[in-house]
There are 2 protein chains.
Amino acid sequence: MLRVILVEPEGEYNVGFIARLCRNFEVEELYIVNPRCDLNKALEFSAKGQDVLKSAVVVSSLYEAMRDLDLKISTSSIADSKGDMLRKSMSPWEVSQLVGDRKVGLVFGRESVGLTRDEILMTDIMLHIPANKEYPVLNLSHAVGIVLYEIWKTRGATPRKSVVSR
Amino acid sequence: MLRVILVEPEGEYNVGFIARLCRNFEVEELYIVNPRCDLNKALEFSAKGQDVLKSAVVVSSLYEAMRDLDLKISTSSIADSKGDMLRKSMSPWEVSQLVGDRKVGLVFGRESVGLTRDEILMTDIMLHIPANKEYPVLNLSHAVGIVLYEIWKTRGATPRKSVVSR
Ligand SMILES: Nc1ncnc2c1ncn2[C@@H]1O[C@H](CSCC[C@H](N)C(=O)O)[C@@H](O)[C@H]1O
Ligand SMILES: Nc1ncnc2c1ncn2[C@@H]1O[C@H](CSCC[C@H](N)C(=O)O)[C@@H](O)[C@H]1O
Ligand SMILES: Nc1ncnc2c1ncn2[C@@H]1O[C@H](CSCC[C@H](N)C(=O)O)[C@@H](O)[C@H]1O
């Protein structure tokens with residue numbers, strides 16, 4: 001089971017695009033911690049992911065969004081700074097091997113400042129998408145798309161319960 | 001050498017995000033065929049991809065955008081319809097193996113109607129990103145992101161000439 005968790009997202013287009021991506025890649029659950037944008041406006045960008053967004057679970061803390069999960073994965077554009085254990089990271093294709101039958105949560109940060117160190121410390125693993133060393137900072141929804149694509153490849157195209165059909 | 005070619009893109013956010021993705025994944029060239037949106041507005045969404053967008057080459061036909069290329073790759077959300085040879089497709093990870101030292105162009109279609117059959121016929125290969133059988137249609141810039149990420153993985157993180165440093 002895969003849950004996408006957005007922490008305080010600021011852009012309605014990103015939230016809408018992410019709902020669409022959840023449908024494209026058969027993600028079961030979308031949780032949003034303290035949305036900082038208008039979720040109704042986000043619907044405009046969600047295309048056939050509207051139902052995903054309408055059934056998204058809005059919570060007020062990251063703890064609440066994660067407490068029933070087996071495996072918690074944070075994401076960051078900053079990885080493997082020398083001597084900083086917190087920044088040890090895994091790649092999307094490594095993480096995709098870990099999903100299996102677990103209840104897995106993928107935590108994505110704010111457009112402006114990402115996740116705090118404390119938020120990253122609440123998770124088991126940090127995932128970093130390798131990219132241009134000079135500019136590895138992807139836009140939020142594009143980072144979500146790449147991670148979901150990579151996990152979908154491994155989970156395969158087998159049908160499973162989706163948010164929409166619950 | 002990798003060139004991203006957008007055919008008549010309609011959304012400024014998509015064009016802006018794609019310029020940013022070109023910088024994230026070290027794409028050398030961005031060509032835009034008959035833009036249907038305001039490229040100045042697109043700058044707002046391009047973050048540190050602004051220079052990529054400013055040096056984008058605007059042309060008036062797909063032919064012009066492709067004539068000096070070794071390998072032309074179209075993209076579509078529709079793939080492998082039975083009995084339709086045109087729709088035989090390759091996956092992003094298969095295509096990534098073909099780039100090597102070639103001058104390669106990746107052609108992406110309109111948000112509303114994708115690429116025409118004639119446009120697909122002008123290319124050597126069609127690429128399809130596998131996704132939910134019931135809804136494999138990604139938003140334009142998210143499709144671009146996934147293809148560029150997959151090719152970047154294969155090309156590796158070796159420095160090379162980018163649009164910006166020309
Ligand atoms: N290369 C990358 N790998 C993994 N996640 C990434 C990423 N680029 C962006 N993201 C995701 O997109 C979110 C917004 S980008 C945050 C950028 C912010 N300027 C900062 O200082 O961190 C991040 O929190 C992360 O969830
Ligand atoms: N994208 C991100 N993901 C995770 N932690 C981040 C982050 N961006 C900043 N931080 C961490 O958040 C902590 C304090 S908040 C950010 C302070 C400062 N702007 C900075 O970027 O360093 C810092 O220790 C920093 O390492
Ligand atoms: N699954 C997928 N594989 C490859 N490219 C895709 C894709 N989903 C979207 N795209 C790209 O995004 C563009 C816009 S999507 C076009 C959708 C349109 N309704 C149609 O009928 O085709 C497409 O032209 C293609 O370049």
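Mentor: Let's begin with the aromatic rings: a search of the whole structure turns up twelve aromatic pairs over all chains. Rings of Phe, Tyr and Trp (its six-membered ring) pair if their centres lie within 6.5 Å; planes under 30 degrees apart are stacked, over 60 edge-to-face, and the rest tilted. Before going on, note that this is a predicted model, where local features need pLDDT of at least 70 and side-chain atom pairs pLDDT 80 or more, while totals for chains, interfaces and linings use all residues. Residues are numbered from 1 along each chain as its sequence is written, chains are lettered from A and ligands numbered from 1 in the order in which they are written, and side-chain values use heavy atoms, leaving out hydrogens and water.

Trainee: How are the planes of A:Y13 and A:F45 arranged, stacked or edge-to-face?

Mentor: A:Y13 and A:F45 are edge-to-face, with 75 degrees between the planes and 6.4 Å centre to centre. This pair links distant parts of the chain, 32 residues apart: A:Y13 is in helix α1 (residues 12-24) of chain A, and A:F45 is in the loop between α2 (39-42) and α3 (50-54). Helices here are DSSP runs (H or I, at least four residues), numbered from the N terminus.

Trainee: Which residues come nearest to ligand 1?

Mentor: A residue counts as near if one of its heavy atoms lies within 4 Å. Of the 18 residues around ligand 1, the nearest are A:T75, A:G109, A:I129, A:P136 and A:L138. The shell divides into nine nonpolar, seven polar and two charged residues. For those classes, Ala, Val, Leu, Ile, Met, Phe, Trp, Tyr, Cys and Pro are nonpolar, Asp, Glu, Lys and Arg charged, and the others, Gly among them, polar.

Trainee: What lies 2.6 Å from an oxygen atom of ligand 1?

Mentor: That's a polar side-chain atom of A:T75. With a ligand, a polar contact is a pair of N or O atoms within 3.5 Å. A polar backbone atom of A:P136 is also 2.9 Å from a nitrogen atom of ligand 1. The protein covers 87% of the 550 Å² of accessible area that ligand 1 has on its own (Shrake-Rupley method, 1.4 Å probe).

Trainee: How do I read the relation between chain A and chain B?

Mentor: Two copies of a chain are related by a rotation about an axis and a shift along it. Here, a rotation of 180 degrees with 0.0 Å of shift superposes chain A on chain B, RMSD 0.0 Å (least squares on C-alpha atoms of residues with pLDDT of at least 70 in both). That is the relation of a two-fold axis.

Conventions: Polar contact = N/O pair within 3.5 Å; in protein donor to acceptor, adjacent residues only side chain to side chain. Helix = DSSP H or I, 4+ residues; strand = E, 2+ residues; numbered from the N terminus.
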